[in-house]
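Subject: Structure handover

Hello,

Here is the structure I promised to pass on. My notes follow below it.

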Amino acid sequence: MLAKIVAFGAMLAAANAGLLGHAISSQSIVRHDEGRLGASLAYAAPLAHAAPLAYAPVVYAPAAHYSGHEQYAYPKYDFAYSVADPHTGDHKSQHESRDGDAVHGYYSLLQPDGSVRKVEYTADDHNGFNAIVHNSAPSVHPQGYYSHY
């Protein structure tokens, strides 16, 4: 059993060292560490060498500065969505617009008591965040419990 393990280890070491040839693969493998110091480290120790291998530290060159993200993009968008699900009773909507640093919009939702809450909001650098909340009257009135003694 020990001889099989040693033979298998020797075969792995020889294959890793490139002594058995190269396998053919349909995959495209591209190595990006070819030019760096320490990229050609040995992955398996040779069988005749009993001392541990000394590995050189990997040194990376500083990346070149990319200035493509320094351009200012003017923020402007419109966003809206709504949900009306009669099965679950989930009814809500939202709309928001932004033009520069000014944001304004609203959202509305159906409360559990049947009332509709609508929140209109604005936000900018000068006034901060301001919201106005509107609540409609409940359309479903809860039943009170009366006991007769």
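A term first: buried means under 20% relative accessible area, exposed means over 50%, and partly exposed lies in between (1.4 Å probe, protein chains only). By that scale lysine 118 is partly exposed, at 31% relative accessibility.

Now the ground rules. This is a predicted model: local features need pLDDT of at least 70, side-chain atom pairs count only at pLDDT 80 or more, and totals for chains, interfaces and linings use all residues. Residues are numbered from 1 along each chain as its sequence is written, and side-chain values use heavy atoms, with hydrogens and water left out.

**Overall**

The chain has one helix and five strands. Helices (H or I, at least four residues) and strands (E, at least two) are DSSP runs, numbered from the N terminus. Along the sequence the pattern reads α-β-β-β-β-β. Of the 149 residues, 11% count as buried. The accessible surface comes to about 13100 Å². Carbon and sulfur atoms account for 59% of that surface. Areas come from the Shrake-Rupley method with a 1.4 Å probe; for residues, only the protein chains shown count as cover.

Contact means heavy atoms within 4.5 Å. Take the contacts between residues at least 6 apart in sequence: 15% of them join residues at least 24 apart.

**Strands**

Two strands pair if DSSP finds at least two bridges between them. Strand β1 (residues 76-85) runs antiparallel to strand β2 (residues 90-99), with ten bridges joining them. Four residues separate the two in a hairpin. Glycine 89, in that turn, has a positive phi of about 80°.

β2 also pairs with strand β3 (residues 102-110), again antiparallel, over eight bridges. This hairpin has two residues between its strands, and glycine 100 in the turn has a positive phi of about 70°. Serine 97 links the picture: it is the bridge partner of aspartate 78, and it stands opposite histidine 104 in β3.

**Glutamate 96**

Have a look at this one. Glutamate 96 sits in strand β2. Is it buried or exposed? Glutamate 96 counts as buried, at 15% relative accessibility. Leaving aside neighbours within four places in sequence, its contacts are Tyr77, Asp78, Phe79, Val103, His104, Gly105 and Tyr121. Its side chain makes a polar contact of 2.6 Å with that of tyrosine 121. A polar contact is a pair of N or O atoms within 3.5 Å; within protein, one must be able to donate a hydrogen and the other to accept it, and residues adjacent in sequence count only if both atoms are side-chain atoms. Tyrosine 106 is ten residues from glutamate 96 in sequence and 6.5 Å away, C-alpha to C-alpha.

**Salt bridges**

There are three. The cut-off: a side-chain nitrogen of Lys or Arg within 4 Å of a carboxyl oxygen of Asp or Glu.

- Aspartate 90 with lysine 92, closest N and O atoms 3.6 Å apart. Aspartate 90 is partly exposed at 29%, and lysine 92 is partly exposed at 33%.
- Aspartate 101 with arginine 98, 3.7 Å from N to O. Aspartate 101 is partly exposed at 45%, and arginine 98 is partly exposed at 27%.
- Glutamate 120 with lysine 118, closest N and O atoms 3.8 Å apart. Glutamate 120 is partly exposed at 32%.

Best wishes
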